[in-house]
Amino acid sequence: MDPINYIWQDRKRYFGRPMSFTKYALSEDRFFVEKGFLSIKQDEILLYRVVDLELTISLFQRFFNVGTIAIRSSDKSIPHLLVINVKDPREVKEMIHKAVEECKMSHGVTSMEMVGGNH
């Protein structure tokens with residue numbers, strides 16, 4: 001089995017520091033969230049299923065250059081995922097957006113196909 005080639009990785013941050021057991025990662029075709037210390041749970045969203053990205057940066061988050069990215073997908077098990085308190089959130093959102101568009105193109109998925117969410 002080939003190792004996953006990550007484009008981006010970070011942890012949920014507190015006061016701008018990566019002091020959390022929640023890890024985020026982006027590959028060419030998936031977005032991963034891993035939570036836990038003793039017991040670990042990992043979720044993933046296939047990028048071609050992403051239908052919307054939203055960025056929120058509160059005043060408190062601005063002080064520490066972090067923000068929250070909401071990922072909406074047509075995935076039944078994870079229709080809404082919050083990527084909380086990641087560093088450089090504007091750049092990360094743009095990175096996710098580009099990876100989503102590239103993945104959709106490589107899978108031949110168009111915007112019209114995603115409207116119904118039948119994937």
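Predicted model: local features only at pLDDT ≥ 70, side-chain atom pairs only at ≥ 80, totals over all residues.

Visitor: Let us start with the strands. How do you know that strand 2 and strand 3 pair?

Guide: Two strands pair if there are at least two bridges between them. Strand 2, residues 22–27, and strand 3, residues 30–35, are joined by five bridges. The two strands therefore count as paired, and they run antiparallel. K23 stands opposite E34 of strand 3.

Visitor: What lies between strand 2 and strand 3?

Guide: Two residues, and the two strands form a hairpin.

Visitor: What makes strand 3 and strand 4 a pair?

Guide: The cut-off is again at least two bridges. Strand 3 and strand 4, residues 41–46, have six, so they pair, in the antiparallel sense. E34 stands opposite Q42 in strand 4. This hairpin has five residues between its strands, and G36 there takes a positive phi near 120°.

Visitor: Now T22 in strand 2. Why is T22 called buried?

Guide: Buried means under 20% relative accessible area. T22 has 11%, so T22 counts as buried.

Visitor: Which residues is T22 in contact with, leaving aside neighbours within four places in sequence?

Guide: D10, R11, K12, V33, E34 and K35.

Visitor: On to the rings. How many aromatic pairs are there?

Guide: The count comes to seven. One of them is F21 with F37.

Visitor: Why is the pair of F21 and F37 called tilted?

Guide: Ring centres must lie within 6.5 Å to pair, and planes under 30 degrees apart count as stacked, over 60 as edge-to-face, the rest as tilted. For F21 and F37 the centres are 4.7 Å apart and the planes make 45°. The pair is therefore tilted.

Visitor: What makes the rings of Y24 and F31 a tilted pair?

Guide: Their centres are 6.4 Å apart, and the limit is within 6.5 Å. Their planes stand at 35°, so the pair is tilted. Y24 and F31 are both buried. Together with W8 they form one aromatic cluster.

Visitor: Which residues make the nonpolar surface patch of about 810 Å²?

Guide: Y14, F15, M19, L59, F60, F63 and F64. F64 is in the loop between helix 1 and strand 6.

Visitor: Last, the charges. How many salt bridges are there?

Guide: Five, by the rule used here. Side chains of opposite charge can pair when their charged atoms come close.

Visitor: How do you know that R13 and D10 form a salt bridge?

Guide: The nitrogen must be within 4 Å of the carboxyl oxygen. For R13 and D10 the N to O distance is 3.0 Å, so the pair is a salt bridge. R13 is buried at 13%, and D10 is buried at 11%.

Visitor: What makes E44 and R30 a salt bridge?

Guide: Their closest N and O atoms are 3.3 Å apart, which falls within 4 Å. E44 lies in strand 4 and R30 in strand 3, so the pair ties together parts that are 14 residues apart in sequence. E44 is partly exposed at 32%, and R30 is partly exposed at 22%. D29, R30 and E44 are linked in a network of salt bridges.

Visitor: Why do D52 and R72 count as a salt bridge?

Guide: The closest N and O atoms of D52 and R72 are 3.5 Å apart. The limit is within 4 Å, so the pair counts. D52 is in strand 5 and R72 in strand 6, 20 residues apart. D52 has 30% relative accessibility and counts as partly exposed. R72 has 41% and is also partly exposed.

Methods. Residues numbered from 1 in each chain as written. Heavy atoms only, no water. Helix = DSSP H or I, 4+ residues; strand = E, 2+ residues; numbered from the N terminus. Phe/Tyr/Trp six-rings, centres within 6.5 Å; stacked < 30°, edge-to-face > 60°. Buried < 20%, exposed > 50% of the residue type's maximum accessible area, 1.4 Å probe, protein only. Patch = residues over 30% accessible without salt bridge, like charges linked within 9 Å, V, L, I, M, F, W, Y side chains within 5 Å. Areas by Shrake-Rupley, 256 points an atom, 1.4 Å probe, with all protein chains shown as cover. Salt bridge = Lys/Arg side-chain N within 4 Å of Asp/Glu carboxyl O. Contact = heavy atoms within 4.5 Å.
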